[in-house]
Amino acid sequence: MRSTCSPWLAALAYPIARYVLLPLYFQQIEVSGRENFPQTGPVILAPTHRSRWDAFMVPYAVGQDVTGRMLRFMVTADEVKGLQGWFIQRLGGFAIDTRHPAIATLRHSVELLQQGEALVIFPEGNVFRECRPLKPGLARLALQAEASQPDLGIQIVPITIQYSKPLVPWRCAVKIRVHPPMAVTEYGLDNSKQKAKRLTRDLERVFRSACGFLRQKIDKP
């Protein structure tokens with residue numbers, strides 16, 4: 001499934017979410033590090049996944065109405081059904097079968113990066129209440145895309161989203177942090193398993209640090 005973008009729908013949906021839906025539900029939404037988001041060039045946004053609300057929080061932090069860049073979401077096949085699927089597909093989203101990724105879907109992802117787009121991939125693969133080991137798919141895709149075109153210059157931007165209460169009830173608070181980008185070229189220009197593991201490990205380190213995992217480990221005797 002290829003992604004398409006409807007400019008009129010994006011111009012309507014993003015402001016409604018930002019100024020109506022999210023302020024009504026959440027007590028406070030704090031965004032930091034927005035200056036770390038690249039204004040141009042191919043970008044993979046890698047957010048933590050703690051709630052279904054994350055799909056709203058990423059555009060809130062760096063969406064088109066803030067940065068001028070359309071976000072292309074890679075989502076699971078179950079999420080593109082019904083009315084929700086209609087909106088996702090017209091706001092630049094496209095589905096992937098996480099168990100058996102189609103070559104056409106992966107090729108489309110690479111093409112979007114070659115065109116300098118901003119691609120959103122949740123590297124944890126599903127919603128988890130705490131940090132989990134990351135799946136290697138994001139790193140493999142990034143390395144494959146970087147190797148497909150000279151001097152492409154893909155950057156991976158980790159985004160951590162933390163809710164004040166795990167089940168994200170009404171009027172809870174949210175903290176969103178946009179971390180400094182990671183240059184894919186620093187990991188080499190071939191899609192080897194070892195390089196993908198190293199990239200995944202470094203991204204996981206950012207997530208765990210934000211979750212407080214590293215501090216807890218240091219404090220242990």
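Colleague: In which loop does Arg 171 lie, and is Arg 171 buried, partly exposed or exposed?
Modeller: In this predicted model, Arg 171 sits in the loop between β6 and β7 (173–178). Its phi is near 70°, a positive value in a residue other than glycine. Buried would need under 20% relative accessible area and exposed over 50%. At 30% relative accessibility, Arg 171 therefore counts as partly exposed.

Colleague: Asp 151 also has a positive phi although it is not a glycine; is Asp 151 buried or exposed?
Modeller: Asp 151 is found in the loop between α6 and β6, and its phi is about 55°. The cut-off for exposed is over 50% relative accessible area. Asp 151 has 79%, so the residue is exposed.

Colleague: Which residue has its backbone oxygen 3.5 Å from a polar atom of the His 49 side chain?
Modeller: A polar contact is a pair of N or O atoms within 3.5 Å. The side chain of His 49 has a polar atom 3.5 Å from a backbone oxygen, and that oxygen belongs to Ser 51.

Colleague: How are α1 and α2 oriented where their axes come within 10 Å?
Modeller: Helix α1 (residues 7–25) and helix α2 (residues 54–62) have axes that cross at roughly 110°. Angles of 65 to 115 degrees count as roughly perpendicular. That makes α1, relative to α2, roughly perpendicular.

Colleague: How many residues of the contact of α1 with α2 are charged?
Modeller: From α1 come Tyr 14, Ala 17, Arg 18, Leu 21 and Leu 22, which meet Phe 56, Met 57, Pro 59 and Tyr 60 of α2. Eight of the contact residues are nonpolar and none is polar. The number that are charged is one.

Colleague: What span does helix α7 reach from its first C-alpha to its last?
Modeller: Helix α7 (residues 193–211) has 19 residues. At 1.5 Å a residue, 27 Å is expected. The span in the model is close to that, at 26 Å.

Colleague: Which residues does Glu 204 touch, not counting residues up to four places away in sequence?
Modeller: Glu 204 is found in helix α7 and is among the buried residues there, which include Leu 203 and Phe 207. What covers the buried residues of α7 includes β2 (43–47), α6 (137–148), β6 (155–163) and β8 (182–183). For Glu 204 itself, the residues touched are Arg 132, Pro 133 and Leu 134.

Methods
Residues are numbered from 1 along each chain as its sequence is written. This is a predicted model: local features need pLDDT of at least 70, side-chain atom pairs count only at pLDDT 80 or more; totals for chains, interfaces and linings use all residues. Side-chain values use heavy atoms; hydrogens and water are left out. Axes are lines fitted to C-alpha atoms, for helices over the stretch in contact, and angles run from 0 to 180 degrees between N-to-C directions. Helices (H or I, at least four residues) and strands (E, at least two) are DSSP runs, numbered from the N terminus. Angles under 35 degrees count as roughly parallel, over 145 as roughly antiparallel, 65 to 115 as roughly perpendicular and the rest as oblique. Contact means heavy atoms within 4.5 Å. Ala, Val, Leu, Ile, Met, Phe, Trp, Tyr, Cys and Pro count as nonpolar, Asp, Glu, Lys and Arg as charged, and the others, Gly among them, as polar. The expected span of a helix is 1.5 Å times one less than its number of residues. Buried means under 20% relative accessible area, exposed over 50%, partly exposed in between (1.4 Å probe, protein chains only). A polar contact is a pair of N or O atoms within 3.5 Å; within protein, one must be able to donate a hydrogen and the other to accept it, and residues adjacent in sequence count only if both atoms are side-chain atoms.
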